[in-house]
Amino acid sequence: MKLLDLQGNCTPEDSRTHIRIPFVLPQATEELRIRFEYAPKTLDDREYSIRLLEESFDQYLLPAQRQQANTQVDQYLPLKNLITLSIDDEQSYRGACHRHDEIQDLTLSASQASPGLMAGPLRAGSWSVTLSLHCIVTESCNYRLQIWTVEAEEESL
């Protein structure tokens, strides 16, 4: 049963923010599946990437470290967008998936869970996914979050 199919967009101004996305699990279930994807993953404009790096060097590095960092910019390229997610049920935190993959297929059930998530009963109630927008370097980044349940008899079909 489909619970959520949400698409959105973010920009560099959204970096270092969170988007909480509530959803309802109408009844206890055997398994919850989550697919999260975003694009583009990388910033392909080299000149703009170097400009962003230089700005971050100015902000975060001591003057003595900046020159060396500027000579090694290629090791930081390409710059990448990074969005991760965490999941909460009505009673507790169910885990976080801080992966760099732009497409993530996750599973949560009473007996097993994708790495970063905690297995346990999937009770009816209010749940939420929190997207953590660590860094958005492209002008625009689209995302899609899909959540659905899988019952034991559906898996055997």
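**Cysteines**

I started with Cys97, which counts as buried because its relative accessibility is 0%. This is a predicted model, so I am reading everything below as such. Next I looked for a partner for Cys97: the closest cysteine sulfur is in Cys141, 17 Å away, so that is too far for a bond.

Then I checked Cys10. Cys10 is buried too, at 1% relative accessible area. How far is the sulfur of Cys10 from the closest cysteine sulfur? I get 4.4 Å, to Cys141, which is still too far for a bond because a disulfide needs the two sulfurs within 2.5 Å. My tally for the structure is zero disulfides.

**The open sheet**

I traced an open sheet of four strands, and the order reads E2-E7-E4-E5 with antiparallel pairing. Which strands sit at the edges? They are E2 (17–25) and E5 (93–97), each pairing on one side only.

On one side I followed E4 to E5, an antiparallel pairing over four bridges. A hairpin of four residues joins E4 to E5. I then followed E4 to E7, also antiparallel, over seven bridges. Is E4 mostly covered or uncovered? I found it mostly covered, with six of its seven residues buried.

**Nonpolar cores**

The largest nonpolar core has 28 residues, and those touching the most other members are Leu32, Ile83, Leu131 and Ile147. I listed the elements that give two or more residues to this core: E1 (2–10), E2, E3 (31–39), E4, E6 (103–109), E7 (125–135) and E8 (141–150). Apart from this core lies another one of eight residues, including Leu43, Leu53, Val73 and Val137. For background, nonpolar side chains in soluble globular proteins tend to be buried together.

I went back to Leu32 for its contacts. Leaving out residues up to four places away in sequence, Leu32 touches, among others, Leu3, Phe23, Leu25, Leu106, Trp127, Ile147 and Trp148. Thr107 and Thr149 are also among the residues that Leu32 touches.

**Aromatic pairs**

I count three aromatic pairs. One that I looked up is Phe36 with Tyr38: the ring centres are 5.8 Å apart and the planes meet at 40°, so I put the pair down as tilted. Both Phe36 and Tyr38 are buried.

Most peptide bonds are trans, and most residues other than glycine have a negative phi, so I went looking for exceptions. Ala39 and Pro40 are joined by a cis peptide bond, with omega about 0°. I located Pro40 in the loop between E3 and helix H1 (46–60). Leu77 and Pro78 are likewise joined by a cis peptide bond, with omega about -5°. Pro78 falls in the loop between helix H2 (63–71) and E4.

Last stop was Arg16, a residue other than glycine with a positive phi, near 65°. Where is Arg16 found? I placed Arg16 in the loop between E1 and E2. Arg16 has a relative accessible area of 68%, so I noted it as exposed.

Conventions. Residues numbered from 1 in each chain as written. Predicted model: local features only at pLDDT ≥ 70, side-chain atom pairs only at ≥ 80, totals over all residues. Heavy atoms only, no water. Phe/Tyr/Trp six-rings, centres within 6.5 Å; stacked < 30°, edge-to-face > 60°. Buried < 20%, exposed > 50% of the residue type's maximum accessible area, 1.4 Å probe, protein only. Pairing = 2+ DSSP bridges. Core = buried A, V, L, I, M, F, W, Y, C linked by side-chain atoms within 4.5 Å. Contact = heavy atoms within 4.5 Å.
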